[in-house]
Amino acid sequence: MSTVAIDKAAPTRTVKYGSMSRDRTWALRWSYFFLTLFAIFSLLPPIYMLITSLKSSAEISAATNPWWVFHPTLDNYIGLLTSNQFLRFFWNSALVSIFVVTITMLISVPAAFALARMRFWGSATLATGVFLTYLIPDSLLFIPLFKVFALFGDWTGIQLINRWYVLLLIYPTLTVPFCTWIMIGYFASIPKELDEAAIIDGASWFQTLTRIFIPVALPGLIAATIFAFTVSWAQFLYPLVFTTSTDQLVLPVGIITTLIKGDVFNWGQIMTGALLGAAPPLIIYAFLMDYYIAGLTAGATKG
Amino acid sequence: MADVTLRKVVKKYDDVEAVRGIDLDIADHEFVVLVGPSGCGKSTTLRMIAGLEDITGGDIMIGGDVVNDVPPKDRDIAMVFQNYALYPHMTVAENMSFGLRLKRYPKAEIKSRIDEAARMLDIVELVDRKPKQLSGGQRQRVAMGRAIVRNPKVFLFDEPLSNLDAKLRVQMRIEIKKVHQKVRTTTVYVTHDQVEAMTLADRVVVMNHGRIEQIGTPNELYHKPATKFVASFIGSPAMNFIPCRLEESGGKLHVRITDRIAFPLPPARAARYQGASRTDRLLLGLRPEHITEAKAHPEPGVESFDAVLDVTEPMGMETLIYFALEGAQICGRVNPNAGAQDGAPLRLAVDLNNMHLLNEGTGAVI
Amino acid sequence: MADVALQPDRVGATQTPRKRSSLQKALKRKSTAAFLMTLPLIILITLLVLYPAFYSLHLATLNKSMQRFVGLGNFEFLFKRDTFWLVVKQSCIFAITAVVFKALIGFIVAHFVHNIPAKGQRKWRGMLLVPWVIPPAMSTLAWLWLFDPSYSAFNYTLSFFGIGPIPWTGDATWARFSVILVNVWYGAPFFMIMYLASLKSVPDQLYEAAAIDGANWWQRIWYVTLPMMRNIIAITTLFSLIVTFANFDIVRILTAGGPLDHTHIFATWAFRIGIEGSDIPLGASVSLFMVPILAVAAIFILRDVNKRGNES
């Protein structure tokens, strides 16, 4: 992994259009044809979200052509964005995600620096341990964690279950291992001479971290931040288990538990909520796609 | 400005001894080059002087103070690395001033020092660029600038030119020499390239297997090598070693190479080797420039013989010739007009006034 | 210093009363500092990952009210239930089928993207990765709506071809197909991105050399591309196997395990029993059955990741 693992559409091969053979032309046409099919498949659900979100309940239940909006309306958006409950979900999600990102970075960046540069007893084992922790899924831990926090409440009287901030303790188990792992990779790819030069220049370990390593590994830091944010924003199982009161819910759980009332599906509002819930990660992705992809592929390399 | 002294310095990595007891005195203002093959301990020695490696045994003194336990930043040294180690996110000026800024020097002082160094290195117009926008040679200059602005007691160079192409290397070599002539800072320079060592150094330290083989001026090393290693390491093409024996015939001392070839020694050499063993296997050391085409009127001490050339390499101002003698491949340098041709015989002359005699077993120069 | 007007270094030189701490001490300080920097990480992993993981082993040996130690009673109970074996079977079918299709589709799409001129690749790659970016809970809602029994947009479209209506989530077989389809939709882009990165790292000279040696398109893929990508294919597949096997969101939202438990997988069933059914020990026992498969996959990943690290 190179220090700056972000290639802005690196030119992979030069295609000479002038001398392109017939075979190549056809291969290209087929490529575009199949890519278009796959792109339609990929974008179908979000587009359908958008279409439905612009329909009134009347139009939805009238069973007209579902792929077309005959009477576009923003009622669903207005309804949700003026609903205190929905705004509360959004606010909770934002709060949780921002805190989790901060906590994650505060834990994983110094740890990654120590593991990448300051060899100490057990550091190699710890690095491997971090990686293995990253492979432990949420669905393995939610039951014991629930019980642990319930017991914690019984013992100390501090009730954490059904409080949104319990998620600040739980989400880092998903984000910290991966972020530490990819930061180890980014830090390890910085040439050793760079910290030696800094040491000779008189920098302390802390100054080496803050003034050399963090700026040089900034692309990695951004990739890790995006990852931590996306994971916290999208997490569904933990909030479903740990929070039940409507004022404590985060967006994904909130939409599913409140907009679906028994057997009544208000699809216009559900799709609007889903689209609004998908928007923050999509916006980040649209602007920082290269960092997003760098973080995605960095996980498979050794730190 | 300071002198640097190493006393019985030892470095062990686990059980491997990388440096096995080095004694070295570097005078104030001196330019000393540590040279040797890879793994000889030269870089480790430099890094111990810098404080980047702790020393296993012995003492290192800078300016008379023992610095064994002093962290690098308090040793008042500056170092130039092989891959430049420029901070990629800082401009040239920021790179150069990083150390000074950490020490909280006044802004005006920093600026004047950067200007001074930039002018000296001819990089004034580059100070606002990032390292990525610089060529290899320019990066090397910036790395040197970073060392100069610190105005340290000692400059340390760790193979600074190895990443440059051949032409640039020659140019930067001269540049480094010029800078040293101006700032006169005590310099320790590590390289594996003997040409760099010879051209830059006041004194060269030849290292091998963690030990110092010989310390001397470039000329001393070239003309009076102390060991076979130094003799073969310094000089290009390398010195020839021809298996031989000393024998006395007709009251004169000869080196016998084959049954047919034996050369009488000139008087000065004969006197020197009088006490040497007549039975040991010896090596006759001759530099290529002392094996030339035979002339009509040879000087005293120059002996001739016939050889069949294997390969010739015309270099323009001279032609290198290669032939086999007693199982050794011998290289000589002849005049381009001497008529040397692949596979053809040529009458050659050896200048025994410049010969060396070595013990084949111990490698010691007699 | 004669020619250069650099002032003798006041600030630096007067700082010479140095703290002569022994190097031993300094090293000790360095490792202490390193330990302190990793301490939050260690605490987090120990308290919130390792401790719960071992605690779930303990939980699995208790009875429903968690008053009594029942040893392997929970497991014996599970082994006797048909639903448990149904869940085992469905989890395996779900994970393996989904991973195979994700890998295949990812591989094919990566090739198509790699095939087109470099300047258009960014745009296509950007569009094709969208499913991975949307939180799965949100996108599964869209699929749920697309699969709606009465208003399904798919069935509307298919009716023009005389097909359907298809009971996407109503019939056991179709429901299994649907959850796998959504999972493939969500996960294939990840494979595509990984393979694309790996494809780009294969040097062009290798293809040129193969072309000169007379290799056709298939032979180039078989003898050049696949061997060069072997490691990344293995890592990605194993990663995905873990994530898919432990999947919760998609099945939970799309079918909630139904119809008649025919789409339950370990995670959703454990949730149903442990949280909704309040039988925490039994739920813990169910989720523990994921451990062997996850452990095997993790060991292989670690081996491959280390190998990859050594290569680079």
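How many helices and strands does chain A have? Let's start there, and keep in mind that what we're looking at is a predicted model. Chain A has 15 helices and 2 strands. If you trace its C-alpha atoms along the principal axes, you get a span of about 75 × 75 × 30 Å. Chain A has 303 residues, and 51% of them count as buried. Now take the contacts in chain A between residues at least 6 apart in sequence: 78% of those join residues at least 24 apart.

Okay, let's zoom in on a pair of helices in chain A. Helix H13 of chain A covers residues 251-259, and helix H14 of chain A covers residues 267-287. Their axes are 10 Å apart, and they pack at an angle of about 175 degrees. That angle makes H13(A) roughly antiparallel to H14(A). So who touches whom? On the H13(A) side we have Leu251(A), Pro252(A), Ile255(A) and Leu259(A). They meet Gln269(A), Ile270(A), Gly273(A), Ala274(A) and Gly277(A) in H14(A). Sort the residues of this contact by type and you find 6 nonpolar, 3 polar and no charged.

Next stop, helix H9 of chain A, residues 192-200. This one is mostly covered, with 7 of its 9 residues buried. Among the buried ones are Asp195(A) and Glu196(A), along with Leu194(A) and Ile200(A). What does the covering? From chain A itself, the cover includes helix H4 (84-117) and helix H10 (205-216).

Staying with chain A for a moment, let's look at where it touches chain C. That contact takes 84 residues from chain C and 84 residues from chain A. On the chain C side, helix H2 (residues 23-59) gives the most, with 18 residues. By type, that side of chain C divides into 63 nonpolar, 14 polar and 7 charged.

Now over to chain B. Its domain assignment gives domain 1 as 4-233 and domain 2 as 240-359. Taken over C-alpha atoms, the centres of these domains of chain B are separated by 40 Å.

Let's begin with strand S1 of chain B, residues 4-13. 8 bridges join S1(B) to strand S2 of chain B (residues 16-26), and the strands run antiparallel. Within that pairing, Val9(B) stands opposite Ile22(B). S1(B) and S2(B) form a hairpin with 2 residues between them, and Asp14(B) in the turn has a positive phi of about 50 degrees. S1(B) is also joined by 5 bridges to strand S4 of chain B (residues 57-62), again running antiparallel. There, Val4(B) stands opposite Ile62(B).

Definitions and conventions. Residues are numbered from 1 along each chain as its sequence is written. Chains are lettered from A and ligands numbered from 1 in the order in which they are written. This is a predicted model: local features need pLDDT of at least 70, side-chain atom pairs count only at pLDDT 80 or more; totals for chains, interfaces and linings use all residues. Two residues are in contact if their C-beta atoms, placed from the backbone, lie within 7 Å. Helices (H or I, at least four residues) and strands (E, at least two) are DSSP runs, numbered from the N terminus. Ala, Val, Leu, Ile, Met, Phe, Trp, Tyr, Cys and Pro count as nonpolar, Asp, Glu, Lys and Arg as charged, and the others, Gly among them, as polar. Axes are lines fitted to C-alpha atoms, for helices over the stretch in contact, and angles run from 0 to 180 degrees between N-to-C directions. Angles under 35 degrees count as roughly parallel, over 145 as roughly antiparallel, 65 to 115 as roughly perpendicular and the rest as oblique. A residue is buried if 20 or more other C-beta atoms lie within 10 Å of its own, exposed if 12 or fewer, and partly exposed in between; C-beta atoms are placed from the backbone. Domain bounds come from an automatic or database domain assignment. Two strands pair if DSSP finds at least two bridges between them.
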